[in-house]
Amino acid sequence: MGILVDGNHITRVFVKDDRRGEGLGCIAMGILEKRVFEGHPCAKVDSSLPETRF
């Protein structure tokens with residue numbers, strides 16, 4: 001669900017449409033942040049707008 005690059009760089013976290021609203025993204029980010037902060041003073045997180053349907 002998430003990928004760590006260069007130790008403190010979280011590049012992707014995404015949740016399938018049918019599972020959104022269940023808090024899975026928050027759970028994933030909590031786990032990833034904990035792993036980053038075990039060895040680094042800060043995290044770098046890429047972000048983008050949610051998918052838009054046309």
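## A first look at this predicted chain

The structure holds two salt bridges, a salt bridge being a side-chain nitrogen of Lys or Arg within 4 Å of a carboxyl oxygen of Asp or Glu. This is a predicted model, in which local features need pLDDT of at least 70, side-chain atom pairs count only at pLDDT 80 or more, and totals for chains, interfaces and linings use all residues. Residues are numbered from 1 along each chain as its sequence is written, and side-chain values use heavy atoms, leaving out hydrogens and water.

**Overall build**
- Along the sequence, the protein chain reads β-β-α-β, with one helix and three strands; these are DSSP runs (helices: H or I, at least four residues; strands: E, at least two), numbered from the N terminus.
- Among the 54 residues of the protein chain, 17% count as buried (under 20% relative accessible area; exposed is over 50%, partly exposed in between, with a 1.4 Å probe and protein chains only).

**The two salt bridges**
- Arg-20 pairs with Asp-17 at 3.3 Å, N to O; Arg-20 is partly exposed at 46% relative accessibility, and Asp-17 is partly exposed at 39%.
- Arg-19 pairs with Glu-22 at 2.9 Å, N to O; Arg-19 is partly exposed at 40%, and Glu-22 is partly exposed at 43%.

**A look at His-9**
- His-9 lies in strand S2, residues 9-13, and is buried, with a relative accessible area of 14%.
- The His-9 side chain makes a polar contact with the Asp-46 side chain at 3.1 Å (a pair of N or O atoms within 3.5 Å; within protein, one must be able to donate a hydrogen and the other to accept it, and residues adjacent in sequence count only if both atoms are side-chain atoms).
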